[in-house]
Amino acid sequence: MLRYDSTSSSAGSSSGSLSSSSSSSSSKPPQQDIDGLLAGAGYKVRSSELRQVAQRLERLETAMGNSPADFSQLASDAILYNPSDLACWVDSLLTEFAEPPPTCSSDFIVDPVNNQTVVNSAWTAAEPHTPQVHQNITYDEQQSLDNQLTVVTAMEEDSGIRLVHMLMTCAECVQSGDLSLATSLIDDMQGLLTHVNTVCGIGKVAGHFIDALSRRIFQGMGGGSVNGGSAFENEILYHHFYEACPYLKFAHFTANQAILEAFDGHDCVHVVDFNLMHGLQWPALIQALALRPGGPPLLRLTGIGPPSPDGRDSLREIGLRLAELARSVNVRFAFRGVAASRLEDVKPWMLQVNPKEAVAVNSIMQLHRLLGCEQTRNSPIDTVLSWIRGLNPKIMTVVEQEANHNQPGFLDRFTEALYYYSTMFDSLEACRIQPEKALAEIYIQREIGNVVSCEGSARVERHEPLAKWRRRLSGAGFRALRLGSNAFKQASMLLTLFSAEGYSVEENEGCLSLGWHSSPLIAASAWQAVPAWDNHMSSS
Amino acid sequence: MVENHSREDHETGGENKEKRPKFFINDHVDILIEILECLDGRSLCVAASVCRLWCTIARNDSLWENLCFRHVSPPPSSVRSVVLALGGYKRLYTGCVRPVRSRLGRVRRATWAGDEVQLSLSLFCVDYYERLGGSNSNGRLVEKSSPSSLMFLCKPVNV
């Protein structure tokens with residue numbers, strides 16, 4: 001805990017103050033020895049020690065710059081001296097940095113933005129939102145150090161870190177089967193949640209993970225269907241997720257750009273959408289096709305989606321809406337809906353692809369659902385990929401979460417998910433529109449629940465990173481198409497429109513990924529089927 | 001113009017009023033349009049509150065079309081029919097082009113000028129589509145709180 005020692009005469013348990021201890025002894029140092037200028041600013045430093053203190057401050061500065069992780073250590077365990085006794089203070093800090101902190105294995109998980117806002121307010125008057133930890137601690141900045149450090153934020157910070165530790169321990173218990181300890185940890189964590197700000201930051205994400213863990217423990221390994229919301233609910237949540245943050249917009253715009261370029265020169269085009277939802281991706285494509293030089297092609301759209309239980313034909317409704325839009329902009333349009341509760345139930349004949357038309361297959365976060373746990377020869381993913389290849393599409397656009405949530409070991413998966421969803425929640429903080437933000441959070445929360453508390457066929461959120469998808473798709477007879485500079489430019493522009501400054505687009509061997517503060521969260525790529533005879537010759 | 005008028009009156013005295021023609025800008029709509037074409041969006045909206053004639057002219061979509069494509073190369077003719085179908089240039093400008101331009105303008109990349117309009121058009125189209133949806137949805141939860149994909153453009157920017 002952070003303790004503030006206002007009397008300069010206490011020696012403190014973390015010693016190491018060498019020559020300065022003499023100055024902090026009970027007898028007051030002679031007044032004329034104190035440097036006058038610094039005294040005017042509130043610092044008592046003996047003139048004879050000025051040079052040494054300055055050197056130590058420089059060392060402290062480099063030490064702080066070199067080990068940003070130590071800040072959390074400082075905030076939670078350090079006993080700090082009154083900085084007006086500069087010599088003592090700088091020595092105590094130097095000893096903090098001299099010893100390596102106890103293994104804080106959750107360093108990488110602690111929400112970096114939150115961590116730094118707390119630390120920054122404590123140490124310097126620097127801008128609270130800078131992601132950089134490097135602070136040049138100069139004399140001027142120290143003057144603005146508040147003597148009354150806010151203990152509450154430090155305690156929150158500490159609780160946040162403890163929460164993360166406990167989450168990891170609990171996950172480990174779950175993995176090893178020690179459910180009684182896991183249960184007691186859940187109780188402790190829920191108690192700890194009351195000390196933490198659950199409106200934002202680590203507290204919010206931790207709350208969702210605690211829920212998911214407890215669901216996992218109390219429902220057994222079968223896992224309830226966390227994703228059991230109705231199709232209608234899911235569509236609403238998806239729509240709000242679309243509005244609240246740029247991930248889906250990025251996915252749609254990037255995929256559309258690639259499809260538009262692939263359709264260049266073709267007069268009959270057919271798009272197969274693996275998850276139609278409200279069809280928000282297609283108006284922009286229809287408009288772009290309407291305006292393409294040479295006039296629009298005949299556009300057919302086949303939308304796949306879950307069947308609606310209550311007789312509403314939601315697919316058809318969306319199709320009608322899109323058709324109305326297409327008619328307004330004079331694009332010949334035909335829509336077909338394929339209702340299937342799982343993608344692997346779709347057979348290629350249902351899509352009625354005409355051999356003369358150019359086909360584009362669009363999969364926004366759908367392929368990972370096919371990665372069932374059994375890695376057999378005819379796993380769903382292989383079946384689907386092979387019939388996609390059979391369609392010989394001009395382009396297949398694949399957008400997937402850039403995360404490794406399909407590892408067999410629960411603890412690894414849990415750790416990855418904690419990091420990934422913390423980052424995603426961070427990025428959501430920038431959204432100001434309600435209720436979009438709240439519903440978007442529920443959308444993400446459902447994903448978390450599925451990753452953490454479901455197993456077997458119930459666990460559909462089996463995200464894999466781009467590198468794995470590349471191997472998988474190349475092995476299935478596809479080759480990568482580069483997304484091109486237009487897509488990159490458009491993505492960058494789109495991001496600039498979003499008010500938060502933390503989003504970044506990166507290009508990675510022809511694929512684009514969108515991330516928050518350079519942690520990629522979603523990756524878009526484009527593929528084309530390798531002609532059969534090519535594959536035959538190079539097949540292993 | 002009003003000042004000129006009264007000065008003329010003053011100078012010429014009463015008898016010569018009929019001989020010296022009064023100049024009303026409203027009599028010369030073509031000049032008025034030329035002038036209004038030079039205005040920016042906000043001024044154009046203000047101009048629409050001057051009088052009925054100005055209001056009618058300022059609502060003319062071609063003025064707004066001019067605004068949208070002012071700094072870019074002239075678009076192909078097919079753009080007009082698409083934009084009109086999606087709601088018109090005034091809506092395109094006020095809803096999309098202006099906020100897009102102002103936000104992207106801060107970044108100041110000259111290469112984006114033409115693409116700003118393209119992006120605005122795409123966003124405009126999504127917005128039109130969502131407005132279509134509001135009218136014939138089943139009225140469950142969606143109606144008033146129907147999310148709008150342009151809302152993120154309307155909110156103040158967190159710099």
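Predicted model: local features only at pLDDT ≥ 70, side-chain atom pairs only at ≥ 80, totals over all residues.
Residues are numbered from 1 along each chain as its sequence is written, chains are lettered from A and ligands numbered from 1 in the order in which they are written, and side-chain values use heavy atoms, with hydrogens and water left out.

- Gln490(A) sits in helix H19 of chain A, residues 484-497, helices being DSSP runs of H or I with at least four residues, and strands runs of E with at least two, numbered from the N terminus.
- Gln490(A) is buried because its relative accessible area is 15%, where buried means under 20%, exposed over 50% and partly exposed in between (1.4 Å probe, protein chains only).
- Leaving out residues up to four places away in sequence, Gln490(A) touches Phe253(A), Thr254(A) and Gln257(A), and also Leu119(B) of the other chain; contact means heavy atoms within 4.5 Å.
- Thr254(A) is 236 residues from Gln490(A) in sequence, yet their C-alpha atoms are 7.6 Å apart in space.

**Nonpolar cores**

- The largest nonpolar core has 139 residues, of which Phe209(A), Tyr247(A) and Phe414(A) touch the most other members; such a core is a set of buried Ala, Val, Leu, Ile, Met, Phe, Trp, Tyr and Cys residues joined through side-chain atoms within 4.5 Å.
- Beyond its neighbours within four places in sequence, Phe414(A) is in contact with Leu167(A), Met168(A), Ala171(A), Phe209(A), Leu213(A) and Val452(A).
- Another core, of 27 residues, lies apart from the largest one and includes Leu343(A), Val361(A), Ile381(A) and Phe478(A).

**Chain B**

- Chain B has 9 helices and 0 strands, and 36% of its 159 residues count as buried.
- Among the contacts in chain B with a separation of 6 or more, 57% join residues 24 or more positions apart.
- Phe23(B), in the loop between helix H1 (2-12) and helix H2 (29-36) of chain B, counts as partly exposed because its relative accessibility is 39%.
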